Amino acid sequence: MSDVIFNLTWLIPLPTALAFFAIILFANPKKRLSSNIAIGAVVIAWILSWAVAITFFVNPELTEHPFALHVPWLPMGGLTFHMGVAVDAVTAGMLFMVGFVLTMIFIYSSGYMTFPGHLDPSLNTDGLDPRYSRFFAYISLFATGMLGLVVADNLLMLFIFWELMGLCSYLLIGFWFEKSYPDPSQITPKQAGLKAFLTTRVGDVLFMMGLIFLFIQANTLNFQDIFGNTAFLEELATSTVNLPFFGSVSWAVLISILIFWGAIGKSAQFPLHVWLPDAMEGPTPVSALIHAATMVSAGVYLIVRMSPVFVAASEGVNGAMTFVAFIGAFTALFAATIAVAQKDIKRVLAYSTISQLGYMFAALGIGAWVAAIIHLLIHAFFKALLFLGSGSVIHGVEHGRHHAHEHGHDDEHEGYFDPQDMFNMGGLLKRMPITGWTFIVGAASLSAVPIITAGFWSKDEILAHAWHGGHMAVFWTLAIAAFLTAFYTFRQVFLTFFGKPRTEAAAHAPESVRAMTWPLIALAVFAFAGGFVAVPKDFPGFGAIFSDYMLHLLELQGELYHLEVAPIPFSWTPALISMTLALGGIAVAWLVYGRKPLAAGEADPLRGWLGPVYTVLEHKYYFDELYHFIVVRPAMWLASFFARFDRSVIDRIVNWVGAFGRWLASTLRRWFDEYVIDGAVNGVGLVTTWTGAVVRLVQTGQVQNYLLILLLSVVVLLLLLPLR
Amino acid sequence: MTVPLTWYLIFATALFSIGFFAVLARRNAIAVLMGVELMLNAVNVNLVAFWRYLTPEDLSGQIFVVFVFAVAAAEAAVGLALMISIYRTRKTINVDEINELRL
Amino acid sequence: MDLRAIGESFIAWLQGLGIPDGWVLFINWLVGSVLILGLALTLALALIWLERKLAGRIQDRLGPNRVGPYGLIQPIADALKLLTKEDITPAEADRITYNLAPIIAVFHVLMLFAVIPFADQVVGANINVGVLYLMAFGALGTMAMLMAGWASRNKYALLGGFRVVAQLLSYEIPIALVMMIPVLLVGSLNLNDIASGQGGLFGLGWFVWIMPAAFLLYFIAALAEGERAPFDLLEAESEIVAGYNIEYSAMKFAWFYLAFFLNTWILSAIATTLFLGGWQGPFVDKIPALGVVYFFAKTFFMFFLFAWVRATFPRLRIDQMMAFCWKVLVPMGLALLLGAAIIVKMGAEMSWPGYMTNVLLLVMNIVVLLVMLSLLGRYTRTLSETKNKRLFAPELPRL
Amino acid sequence: MVGQILFIIVAAITLLMALGTVVARNLFHAALFLVGVFFGIAVLFIMLEAEFLGAAQIIIYIGAIATLIVFAIMLSKNVMGKEAGAYNRQWYLAMGGVVFFFLLMGWLLIQMPFAQVSAEVPADAISQIGQGFVGHFVVPFEVASVLLLVALVGAIMLARERNS
């Protein structure tokens, strides 16, 4: 039975791919039809992925023999790339999450992608975005990429789907490419898409180099062939290579670091994190789907997949894992600090995403890959929920603004009204109860409110690992980040939902349509309850009820790949620290923003208390400016230098050569032309005429002549046979 | 099996040569087509003889003959249709009078 | 009373005379051939009388009744008359071809007798490609008529020759398709096997019961193959004055005449073998000689049907004849063959009980027949509507 | 021995018929000789114990192809007249080439050793052929059917009266 279901695995990415082609080729003019096709396809994919995932969950013994199915694809000399699918515990978990989240966001999008405020309303015919169909085509293609990435059984396919997602990300960030802002320093969707694409390109190039090195070493890119082969991993860890500047490192370290750069780019880790906040220029479902739940977590997924290589990399020289842990922990804290000072509702969430992904990488770096994958899954649920909630809020505020505009309560005295600015909101809980409460559930989960939220269990797992493994630096970094997380999350909640409306738009914001609220509710359930798969076994009370199922499954899988996944004993110290920090963060947020809600036009109280630090944080540590200075400016300067060089040196040489050529030509022309060229042309003509006259005799136009010649040739050949 | 294989082959060669002669020398296109049919039949005889004498267990030889039948039938149908068509326009089907392809 | 035993005892007797084996075989074949030939020629006389008599009765006449009792000697008298008449060859005729044509015409029919199983194992040549053999020598007949039509140097004869090609070649396709169906059901091309595959109590195993549409199709196509009314366009007296055999007279005409009647009888015999169970009948397993009786009874019944149709139906127009073949019979034959193939194969794969396959085949046949009839009905309705609308319809709807 | 005599008789008749096909000035006679050749080859097939092919040869070549050829002769020639100049100008060259080709091939064939096996033909040869068509040779079989269909349509299109 399970085999029958697993044999369907390869079908999972197919419906959405077909939906993409169907929409692009046929359904484009019909908007509702397009969205229905896309939703139908993703629902099929969802059913298939849950069928596969649940089949896997109920048969834990399958972990010993993961399902794999592949067919030959690209023969390359002696080797053949295989195209195939594989299902193991990680895949099953990802399928469970991805299928569900995709479906929820697709449904949400069908409500969200109504006419945006910045466009000319005269274009509006049916209340839908002018490129509604195209949007669904893109996200269908994206869904294909994500599902394909999850089920792929080799790195080449993974890379292809990875890049496919990159493309979709670019297309979707710049979806509203005609949008522009009065403030020229504010990034437009077009620029944001370009920025995301180019930034991730840095990581992807390094990733590809890593893949090439790995392929050279392993002669295969199939997961099981690489990870199941301990001898090979051993060899990878011991054989070394000499690099300039870095000296002698093992192949494992080189490959791991290169591949990790791919993850850094995709998951927006420091220092390639700059694209993700700007990616918020895309439609909010895209932010939820790509830049919170699925694509950015693909980096984490990749590193989880590659864990055996990373473990091998840290055997001799303890380089790769430490690097991962450092990048992760640093990013977690770094992004959390920035998030504190943002005023755009989506940017806060974007930095929060970066921060949470940092958590996962930190967990991977300290070897707690089980905790990382669980946090990945749970984070996807609540972060998707938060993003969708923020989208709902933005939508509501925009609608409220239109409403207020029509009724003469205009508050656009500053000219441009930003519907994403939290300081323009307030008191929305009353206007949008479903959005509000689900958002609060997501926020609680993100802030890791103890015991009752999913986020608590997964985050606690990471902290416990760090504590138990003695990685104190990592532990404290993450702990501070956890405090900040709780603070900025509830800062957001209080600013948005509590107090009194600070603008007319917020005062008139309506609750969103049902297509948007139902996915919120569904996701809220998971954001709340999903964590119980990660309750440690010996946690008092709960541990006995929830039998630590996911951990168990993943541990079995770890054994398969020879990863050490000894379950850590529960200890109170880190748990209490994490509880305290989370509740403390919420409490501080309440003190600052909740107790005395801000009035309209009032500045952030933090600005006064933090002073210049706040400005630095508000400007994201000036990273954009830094990159502008060290990368963009030199590149521009170099370009203009080369342009000048081209004009002043190369052009002159060329012109001189040209002038000389013209002189030479005019001198030689007559003589050369008359005798050589004319002679050659006439000669060719004569020879052609003469040859033609001779050869013409052969072509009689009569088939039988030709056949006779054929016969005579065959006879001659046969006669030559004995002479051979 | 008293007849040696070589006899069949020589018979087929003779038939083939006769057919080829018709193809080479007859003026009428239908006669040329008949020559082609003779050649195809010679090939069939060869195929069957080889099948019978070399690989009687494996019936590929016979199967190939059936394919030759199919090709011959298609060739006859299209060829004769062409001839009728040419006859309508040129009032002749003598091959040596049809030399449109000459320069 | 086993007929096979008679043959074997004959062989044994010959061997007892001390004749070498090769010669025994030769004599055996010779005797068999002579027997079959004699049977065929005698049959022809009977058939001519029978058909004329039947046609007479059906058309409310007496038919031949002057020579002999009930006119029984009439065919012999006719034969004698033909033998004594002047044998004319047109001056411009292509002599060899002209003389060869009637010989081939009779030759191909007589060759067909060789594979007909008159009773169990009583076959001239029990070859394992019997059905193909029938088709092969059936095709030879076209050649004979074409030769006759061309060699006569007569416009009507040539037109007859054209019609021969058009009609016989076209109707060979549905008849070949439908002849393949019993082959499919039995799984053998051997005619004796096909006949013995239709056993069963009181003829319930005859293929006509489970493939009635196929039988009907065979019957219609056989009418055309046998150049019989309503498909006797090849010789249509009122149009092309007897067609390809217009110039033939005396004995050469007699050959064609003979070939015509024997052909009809052979077509009946094939129908009997393929669809009516051949020599099968009650108690035939006890007394094998009964098989001959049953076989001839069924064949003559079929012949009676042919004669009946000939005596009652008017002749078709040539375009109707062609259209009927290509637009009705061929699709129907294809549908039947495909359906039978699928059902037989499914039955074999899923190991259904035999009656299940048979019932399905019957249902399939009836469905095909009904679909065809409803299409034809719709066509005739539009035809009559068009006629009603405009009295002088310039163009009839195409079938 | 009997087989050899039989073969020689059949082969000789067939070759004479083939020569007749090539030599006959009257195209219709040529076609009739061709029918004789086909018949002789069918006999040879049966002598080679390929009864299926023998029957198929008669059905297809005599029943269809020869009939078609005769039909085409009737449609395309002045039926009542004789053909003048049956051969083109290169016929002596062709004759020489063909005879030389035959001698050369015959010489080569006599030299050639063949690994003959003397096995019986399988009893279910016909069903094996059928299974070959829908089994190992299914693709060529389908291609052949497409070829025949295309030939059918093409022949109709080519031979159709243009102005009707």
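1. Basis of the values. Residues are numbered from 1 along each chain as its sequence is written, chains are lettered from A and ligands numbered from 1 in the order in which they are written, and side-chain values use heavy atoms, with hydrogens and water left out. Since the model is predicted, local features need pLDDT of at least 70 and side-chain atom pairs count only at pLDDT 80 or more, whereas totals for chains, interfaces and linings use all residues.

2. Chains D and B. Here 86 residues of chain D are in contact with 71 residues of chain B (contact means heavy atoms within 4.5 Å). The two chains bury about 6,900 Å² between them, 76% of it on carbon and sulfur atoms; buried area is the accessible area (1.4 Å probe) that two parts lose on being put together, summed over both. The rule finds six residue pairs in polar contact across this interface, both residues being at pLDDT 80 or more (a pair of N or O atoms within 3.5 Å; within protein, one must be able to donate a hydrogen and the other to accept it, and residues adjacent in sequence count only if both atoms are side-chain atoms). It also finds one salt bridge, in which the side chains of Arg52(B) and Glu49(D) meet at 3.0 Å, N to O (a salt bridge is a side-chain nitrogen of Lys or Arg within 4 Å of a carboxyl oxygen of Asp or Glu).

3. The elements of chain D that give two or more residues to the side touching chain B are helix 1 (2-23), helix 2 (27-47), helix 3 (51-76), helix 4 (91-111), helix 5 (125-134) and helix 6 (138-159), where helices (H or I, at least four residues) and strands (E, at least two) are DSSP runs, numbered from the N terminus. Helix 3 of chain D gives the most, with 13 residues. By class, this side has 64 nonpolar, 14 polar and eight charged residues; Ala, Val, Leu, Ile, Met, Phe, Trp, Tyr, Cys and Pro count as nonpolar, Asp, Glu, Lys and Arg as charged, and the others, Gly among them, as polar.

4. Chains A and D. In this interface 10 residues of chain A are in contact with 12 residues of chain D, and the two chains bury about 930 Å² between them, 78% of it on carbon and sulfur atoms. On the chain A side, Leu708(A), Leu711(A) and Leu718(A) lose the most area to chain D, together 46% of what that side buries. The count of salt bridges between these chains is zero, and the residues of the chain A side divide into seven nonpolar, three polar and no charged.

5. Cores. The largest nonpolar core has 222 residues, of which Met94(A) and Leu155(A) touch the most other members; a nonpolar core is a set of buried Ala, Val, Leu, Ile, Met, Phe, Trp, Tyr and Cys residues joined through side-chain atoms within 4.5 Å. Helix 17 (residues 369-406) of chain A gives the most to this core, with 20 residues. Leaving aside neighbours within four places in sequence, the contacts of Leu155(A) include Leu211(A), Phe223(A) and Met306(A). Apart from this core lies another, of 206 residues, among them Val164(C), Leu189(C), Leu217(C) and Cys325(C).

6. Buried places in chain A. All 11 of the 11 residues of helix 13 (residues 295-305) are buried, where buried means under 20% relative accessible area, exposed over 50% and partly exposed in between (1.4 Å probe, protein chains only). Leu272(A) lies in the loop between helix 10 (251-266) and helix 11 (275-278), and is buried with a relative accessible area of 10%.

7. Chain C. This chain has 14 helices and zero strands, and buried residues make up 49% of its 399 residues.

8. Salt bridges within chains. The structure holds 16 salt bridges over all chains. Glu51(C) forms one with Arg228(C), the closest N and O atoms being 2.6 Å apart; Glu51(C) lies in helix 2 (residues 21-58) and Arg228(C) in the loop between helix 9 (212-225) and helix 10 (237-240), so the pair ties together parts that are 177 residues apart in sequence. Both Glu51(C) and Arg228(C) are buried. By contrast, Glu349(C) and Lys345(C), whose side chains meet at 3.2 Å, N to O, are exposed.
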